[in-house]
Amino acid sequence: MVQSLNRNLLAEDKAVIAPFCCKPDVSFVEGKGSYLFDADGKKYLDFVSGIAVNALGHQHPAVVKAMQDQIGKFVHLSNLYPNYPQIDFAKKLLSVTHFGKVFFCNSGTEANEGAIKLARKYFDRKGDERTQIVAFNGSFHGRTLASLAATGQPALWHGFGELPRGFLHVDWNDVEGLKKVVNAKTCAIMLESLAGEGGVMRLSPEMAETVNALHKEFGCLVIVDEIQAGMGRLGTFLGEERTGLKADLVTLAKAIGAGLPLGAILMTQEIADNLKPGDHGTTFGGNPVACAAGLVVTNVVSDPKFLAEVQTRSEELQAGLKSLIQKYSFLGEIRGDGLLLGVTTTKPVSDLVVLARKEGLLIHRAGTNVIRLLPPLNVTSAEIVEALEKLDRTFSKVPA
Ligand SMILES: *Cc1c(COP(=O)(O)O)cnc(C)c1O
């Protein structure tokens, strides 16, 4: 294992990296499967997975091989030329979903930005003037201006001048609130299949039904942001299958590139048929190395046997969390689905994250009071047991 003698990592980071993220004083030097190792050789069970990116853990052999093979051919061509890494990957994505075409980009926010543009352009091409996007309070769709306007967190909007107009927000799972604002002027309803950042909140079945019904009644599009919940994380390839939502546009990112920057917009054939060359574009989007790696990940995480395992691991983790909730009064309820799980707490989440890391377990927060667990999707039962033991030890050390 690589040993680093650098003890000033955090200070050096602070000296040169823009101060947007509060980082802990830890120096990871290697990842293997569900584990990360720091410069002192300490082992951490990684239940963050690079924020739901490393779906198959670190250094999955087939992923590493696909990346290396493609690097040996060409790394970048631009979208001026067709290429098989993109085509083969698109074929796979379309074969496991109900969509007609794929557009590849580089990140989640770009996928959402693109989906918003394509929804508006779709109506424009039909001579229909609708541009209004109905999104949800507490949602997270990204940091670029239109995705930020869709993001239902006013605290993140301030100080950036006028954001793109035409965005409305209603409360998560507020069926009546949604019905009040959606009409024949609505261009799209935009929502996550499970609200990750906002607090690991499931979509209610009534809400999914309402979205589908409004889609039918008013002909508005449905954009489902599956950037965190898609790619097998909920125990189905898309969260859509779990929620019953019928999307016209689905956005993917995070896990889709096996750790390389990649995003995708899946669209119905009907939408693709109404768009023209030049309507949207990208230089780096659909990087061949990322697509080659993405094909490997997708082959694994779309396999029904693998997805059944994800559901079993989810049940194991939830059963363990239930016992911990009974044992510790500062824990509230289980949130989420599949391997995107959360536990509410009355203790400061950031303190729990630090304590867990001391125990050798990496976890993350969501919303203001939720511990978020994002294990790799190929996590083993033994690793789930280990994580639960580490959580137990963590909680036992929380000051009263
Ligand atoms: C992470 C995330 C995004 C933004 O993705 P980036 O790649 O960081 O731009 C958008 N939507 C959801 C639901 C996410 O979890």
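In this predicted model, an open sheet of 4 strands runs in the order β13-β14-β17-β16, and its pairing is antiparallel. The edge positions belong to β13 (331-337) and β16 (364-366); each has a single partner strand, so one side of each is left without a neighbour in the sheet. From one strand to the next, the twist averages 30°.

Within this sheet, strand β14 (residues 340-345) and strand β17 (residues 370-373) are antiparallel partners over 4 bridges. Opposite G342 stands R372 in β17. Helix α13 (residues 349-358) packs on the sheet, where it touches β14, β16 and β17. The direction of α13 makes about 40° with that of β17.

A second open sheet has 7 strands in the order β4-β12-β11-β10-β7-β5-β6, with mixed pairing. Here β4 (101-105) and β6 (167-170) stand at the edges with a single partner strand each, so one side of each has no neighbour in the sheet. The twist in this sheet averages 20° from one strand to the next. Strand β5 (residues 132-136) pairs with β6 in the parallel sense over 4 bridges, and A135 has H169 in β6 as its bridge partner. Helix α5 (residues 108-125) lies across β4, β5, β6, β7 (186-192), β10 (221-225), β11 (249-252) and β12 (263-267). Helix α5 runs at about 175° to β10.

| β13-β14-β17-β16 | antiparallel | 30° |

As background, the strands of a sheet pair through backbone hydrogen bonds, in either a parallel or an antiparallel way.

Helix α14 (residues 381-396) has 16 residues. From its first C-alpha to its last, α14 reaches 23 Å, close to the 22 Å expected at 1.5 Å a residue. The buried residues of α14 are E383, I384, A387, L388, K390, L391, T394 and F395. They cover an arc of only 165° around the axis, which puts them on the same side of α14. In general, an α-helix has 3.6 residues a turn, so residues three or four places apart point the same way.

One of these buried residues is T394, which has its place in helix α14. T394 counts as buried because its relative accessibility is 1%, and buried means under 20%. Leaving aside residues up to four places away in sequence, T394 touches L352, L355, A356 and E359.

Notes:
Residues numbered from 1 in each chain as written. Predicted model: local features only at pLDDT ≥ 70, side-chain atom pairs only at ≥ 80, totals over all residues. Heavy atoms only, no water. Helix = DSSP H or I, 4+ residues; strand = E, 2+ residues; numbered from the N terminus. Expected span 1.5 Å × (residues − 1). Buried < 20%, exposed > 50% of the residue type's maximum accessible area, 1.4 Å probe, protein only. Arc of directions from axis to C-beta. Pairing = 2+ DSSP bridges. Axes fitted to C-alpha atoms, helices over the stretch in contact; angles between N-to-C directions. Contact = heavy atoms within 4.5 Å.
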